[in-house]
Amino acid sequence: MAKILYIDDTENNRILVARRLGKSGHNVLTAESARQGLALASSEKPDIILMDMGMPDMDGWAATRQLKNDPALRHIPVIALTAHAMQGDREKSLQAGCDDYETKPFDFPRLIEKIEARLAPPPT
Amino acid sequence: MPDLAKTRHDLRNVAGQILGFGELLLEEARDSRYSRLHPQLETIHRTAMQMLSLVEQGLCDSRMKEGLADNVSSLSNRLSESARVIAECAEALHTGANDFPSESFRADLARIVGTARKARDLVRASLDVETAQSADGSVAGNRCVPEGCGDSCPELEIGAGGTPAMLSAESIAQGTILVVDDLEENRDLLHRRLSRLGYAVRMADNGQSALEATATQQPLDLILLDIMMPGLNGIDVLHRLKASPATQHIPVIMLSSADQIETVVRCIKLGADDFLAKPFNETLLMARIESSLSKKRLRDQESAFLRRLQIEQETSERLLLNILPKPIAERLKQGEKIIADSFADATVLFSDFVNFTHLSSDTPPKELVGNLNEIFSAFDYLCEQQGLEKIKTIGDGYMAVSGVPTPNPDHAEAAAKLALAMQAETAGFAERVKQPFQIRIGLNSGPVVAGVIGARKFAYDLWGDNVNIAKHMEASAPPGGILVAQATYERLRDRHAFQPAQLVRVKGGVEMATYLLTP
């Protein structure tokens, strides 16, 4: 069981993702803004972060850059989630330091597979 | 003009949320005790998928560039209709039942209702240019009516909707319809109505010419088929349409008299999509036509998508087979995550160029890589010929294994043949390019472990002491020579000529006897 932090300003998405990932046996924390997410990341030290990119105030790209600049947090993998599905979004996410990228609406089996691949212990 | 990219983004989000909740609820209600919830849940799910594909198709980039002018009203109608259907089904479930599978079930239904209303408002605010004034938000005409919502969604019944005049004003219909009826009056009536709505209409006055029309004319989107006709009747035609792969995907609506209900049931069992009783109710006619057409559009979309998927899959399979042995790729595809197999007996081959660093400082990089590529490609070919598995190239080094992943009792012999062929190949190549290319080769035999590790850029690789010893053999081989360890020598001594060579010190300080394999 992994501790997953999900940051999204849309309540429906937070409920959906928490339920889905909860069902596959993970412990899901949610945050409704990038700031709240950053605070939770510091205090809870999640195993992985799922980050919505299009949030008001501070967006996911800015939040990821901040995470990846923090020596205490930069090791946590960040999966970018965006509904844009536009060309260039992927590059933009990876440039901001995201480790992977998924588009909304969610393909849950694929998302879970990606999360679990990231959580797998590194090969020895 | 509203910001269509944003509208697309927002609608995509809400449709995705409805779909997500719909899927959750369907899973929770899977138990047969809740089977009476299924039809409406399925309607919600299906309509949400329809909504999503309407957004993705209708609001795609190319259409946005074209300004979308002709499609806005059609799209907006279909989207609000979908949203309305979803909201009503969810609401009916929410109020109508009390024994839900879980506590959250009712809350999720309420979320679906709220999200569907939000979708309708979004559509109305950003797309609904023509019907924005409609006070109650109901949309005239062009209804795509899902089945399965039954009596508990009373407002879904057709008839309260638009008048023919409103329908014709929309001029939004697309598609080619074949009307098959032996009575001229019926054909004319349908022809006039359908053309007025913007459909392309073709006609046939008997079964035989209907079948000919499907065979020769351009693609049809829908067939309206009269049951009672002399000669080939509607049922015969339906039979043949559904039996032929070229025509079975075309939706068929049967035209019948009110007293033919048993025949109609038979037709639907044979694959007809729907039926219409004569005399036609105009609104019902339009609703059923649009419903069939939109189902067909979805199916067409789906099969196009499947075709694309298949092509992608074939491409990725080809790529996979380029980097992994076929049996290993198969196992990874079957879902094995970690592959590590022990092989009781195999022969490992290493080769390396003599003085490559020296050579490479004198040769332009392009020419150097070109030379390496040529010679390694030749080695790849020789490997295949002898049935060895190439493992990798490491700089100017080349590594292959015999007896892995498919065991081969004669692995040492195959490896020896490959080694001799590689030396001959290199000598020939050096002469051709007038450069002093030479390789050393080392062979060793024994148990090894082979497998795939890593999360990306993964590769099939080998581990074990015997691999290291083979590498030592290569490093100690004279230029142009093939040095084999005792284990390989013993397997080959009766079949090849060897010269004893110097002792080689391997890891741990052990000294090993070695032999030079001679042609």
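Author: A salt bridge here is a side-chain nitrogen of Lys or Arg within 4 Å of a carboxyl oxygen of Asp or Glu. One such pair joins the side chains of A:Arg20 and B:Glu27, at 3.0 Å from N to O. Between chain A and chain B the count is four salt bridges. This is a predicted model, in which local features need pLDDT of at least 70 and side-chain atom pairs count only at pLDDT 80 or more, while totals for chains, interfaces and linings use all residues. Residues are numbered from 1 along each chain as its sequence is written, chains are lettered from A and ligands numbered from 1 in the order in which they are written, and side-chain values use heavy atoms, with hydrogens and water left out.

Chain A gives 16 residues to the contact and chain B gives 19 residues, where contact means heavy atoms within 4.5 Å. About 1700 Å² is buried between chain A and chain B, 52% of it from carbon and sulfur atoms; buried area is the accessible area (1.4 Å probe) that two parts lose on being put together, summed over both.

Now the helices, which are DSSP runs (H or I, at least four residues) numbered from the N terminus. In chain B, helix 15 (residues 411-433) has 23 residues and should span 33 Å at 1.5 Å a residue, which agrees with its end C-alpha atoms being 33 Å apart. The expected span is 1.5 Å times one less than the number of residues. After helix 15 of chain B comes B:Lys434, with a positive phi near 55°.

Conventions: Helix = DSSP H or I, 4+ residues; strand = E, 2+ residues; numbered from the N terminus.
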